[in-house]
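Please look over the sequence and the model shown here before reading on.

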Amino acid sequence: LQKSYPAGATKKIDLDVKFILPPDPLPTPVWDGAHAFESNWWGLTHNERWDDEIKKQETYARLIDVPKERPSRVLDVGCGPVSMLQRVLGSPNDPASVGVDPLPVSEETRRKYAAANVTFVNCKAEDIDPKSELFQDGFDEIWMYNCLQHTESPEKILRLFSKLCRGTIRIFEW
């Protein structure tokens, strides 16, 4: 595990941080309620909440030092309908990056992902099978921002990252 600071950081915080296991997973009825709330909050069509999230992502990207050009293969966990992958430049020759989110999305959103060379997978991160064809080759980077509080099992997701990532894991959580 390595600490890194975004370019331009003026204050480096030196903390003696020990790994602390996340809290027990949410009971399924609690996760189901949170999922229903998130689905209604986002909606299926572009609205002012999407614009607010895109604006917040500028801060996330700066704080987790997202490169301006996309590493060749990225997994965005909890990507929602407006993943940062849709705005970070990638080469059309790169293998497709992947965005995973359990929220329902429209066909228009799926087309936006495809246009950005991102495969959208409609499932919970906890349900990713690292041996499946789409995930078995792993990823150069994994991104997850403002997501863990909406998951059923943060511990399972973080353990999954060790199987899927061959490079950098970028996490931003409030």
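Which kind of contact do the side chains of lysine 55 and glutamate 58 make? They meet in a salt bridge, with 3.8 Å from N to O, where a salt bridge is a side-chain nitrogen of Lys or Arg within 4 Å of a carboxyl oxygen of Asp or Glu. This is a predicted model, in which local features need pLDDT of at least 70 and side-chain atom pairs count only at pLDDT 80 or more, while totals for chains, interfaces and linings use all residues. Residues are numbered from 1 along each chain as its sequence is written, and side-chain values use heavy atoms, with hydrogens and water left out.

Both lysine 55 and glutamate 58 belong to helix α2, residues 48-63, where they sit three residues apart, about one turn of the helix; helices (H or I, at least four residues) and strands (E, at least two) are DSSP runs numbered from the N terminus. Lysine 55 is exposed, at a relative accessible area of 57%, given that exposed means over 50%, buried under 20% and partly exposed in between, with a 1.4 Å probe and protein chains only.

Arginine 170 and glutamate 141 meet through their side chains in a salt bridge of 2.7 Å, N to O. That pair links distant parts of the chain, since arginine 170 lies in strand β5 (residues 165-172) and glutamate 141 in strand β4, 29 residues apart. Arginine 170 counts as buried because its relative accessible area is 13%, and glutamate 141 is likewise buried, at 7%. Glutamate 152 forms a salt bridge with lysine 124, their closest N and O atoms being 2.5 Å apart. Here too the pair links distant parts of the chain, with glutamate 152 in the loop between β4 (139-145) and α4 (154-164) and lysine 124 in the loop between β3 and β4, 28 residues apart. Both glutamate 152 and lysine 124 are buried.

Strand β2 (residues 97-100) pairs with strand β3 (residues 118-121) in the parallel sense over four bridges, a pairing being called when DSSP finds at least two bridges between two strands. Within this pairing, valine 98 stands opposite threonine 119 in β3. Together with helix α3 (residues 107-115), β2 and β3 make a right-handed β-α-β unit; right-handed means that, with the strands pointing away from the viewer, the path from the first strand over the helix to the second runs clockwise.

In the loop between α3 and β3 is asparagine 117, whose phi is near 60 degrees, a positive value in a residue other than glycine. Asparagine 117 is partly exposed, with a relative accessible area of 22%. Aspartate 65, in the loop between α2 and β1 (74-77), also has a phi near 60 degrees, and is partly exposed at 36%.

What of the cysteines? The count of disulfides comes to zero, a disulfide being a pair of cysteine sulfur atoms within 2.5 Å. For cysteine 147, the nearest cysteine sulfur, that of cysteine 79, is 8.9 Å away. Cysteine 147 is buried, with a relative accessible area of 9%, and cysteine 165 also counts as buried, at 18%.
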